[in-house]
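Hello,

Here is the structure you asked about. Please look it over first, then read my notes below.

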Amino acid sequence: MTIDERLDRLTERHEALTQSVELLLRESQEQTRLVIEHSRQISEHSRQISEHSRQVGALRDASAALLQIVQTPENRISGLEDPQ
């Protein structure tokens, strides 16, 4: 094998490696972009979950207050119907 043939082979291998590295770089950039997008979505979902939890807590408190309002007259009515 002559020096020119060796240089040609080395040049071909170098070009192939360069293409491989470029492909890996593009794939890595795409994966990074996806991770950033998914992180943004997770953050938004966490915010929504927090808001829904707050709303459920408020609904629970309102339901408890309403139950107390309803039970008070009911207890008075029961007391009037069943004097002991």
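Glu37 is partly exposed, at 28% relative accessibility. In this predicted model, its side chain pairs with that of Arg40 in a salt bridge. The closest N and O atoms are 2.9 Å apart. Arg40 is also partly exposed, with 48% relative accessibility.

How many salt bridges does the structure hold? The count is five. I describe some of them here.

Take Arg33 and Glu30. Their side chains meet in a salt bridge, at 2.7 Å from N to O. Both residues belong to helix H1, which covers residues 3–81. They are three residues apart, or about one turn of the helix. Arg33 has a relative accessible area of 46%, so it counts as partly exposed. Glu30 has 34%, so it too is partly exposed.

Next come Arg47 and Glu44. A salt bridge joins their side chains, with 2.8 Å between N and O. The spacing is three residues, about one turn, and both lie in helix H1. Arg47 is partly exposed at 47% relative accessibility. Glu44 is partly exposed at 28%.

Why do these residues fall in the middle class? Partly exposed covers the range between the buried limit of under 20% and the exposed limit of over 50%.

Now the chain as a whole. What does its secondary structure come to? The chain has 84 residues, and 1% of them count as buried. Its accessible surface is about 8000 Å². Carbon and sulfur atoms account for 58% of that surface.

The nonpolar one is formed by Ile3, Leu7 and Leu10. Together these residues have about 310 Å² of accessible area. Ile3 is part of helix H1. Is Ile3 buried or exposed? Ile3 is exposed, because its relative accessible area of 62% is over the 50% cut-off.

The negative one is made up of Asp4, Glu5, Asp8, Glu12 and Glu15. Asp8 lies in helix H1. Its relative accessibility is 47%, so Asp8 counts as partly exposed. Patch members need over 30% relative accessible area and no salt bridge. Asp8, at 47%, therefore clears the area cut-off.

One more contact to check. Which side chain does Asp61 touch? The side chain of Asp61 makes a polar contact with the side chain of Arg60, at 3.4 Å. Asp61 is in helix H1. At 46% relative accessibility, Asp61 is partly exposed.

To recap the pairs, for quick reference:

- Arg33 with Glu30: salt bridge, 2.7 Å, N to O.
- Arg40 with Glu37: salt bridge, 2.9 Å between the closest N and O atoms.
- Arg47 with Glu44: salt bridge, 2.8 Å, N to O.
- Asp61 with Arg60: polar contact between side chains, 3.4 Å.

Best wishes

Note on methods:
Residues numbered from 1 in each chain as written. Predicted model: local features only at pLDDT ≥ 70, side-chain atom pairs only at ≥ 80, totals over all residues. Heavy atoms only, no water. Salt bridge = Lys/Arg side-chain N within 4 Å of Asp/Glu carboxyl O. Helix = DSSP H or I, 4+ residues; strand = E, 2+ residues; numbered from the N terminus. Buried < 20%, exposed > 50% of the residue type's maximum accessible area, 1.4 Å probe, protein only. Patch = residues over 30% accessible without salt bridge, like charges linked within 9 Å, V, L, I, M, F, W, Y side chains within 5 Å. Areas by Shrake-Rupley, 256 points an atom, 1.4 Å probe, with all protein chains shown as cover. Polar contact = N/O pair within 3.5 Å; in protein donor to acceptor, adjacent residues only side chain to side chain. Lys, Arg positive; Asp, Glu negative; His and termini not counted. Charge placed at Lys NZ, Arg CZ, Asp CG, Glu CD.
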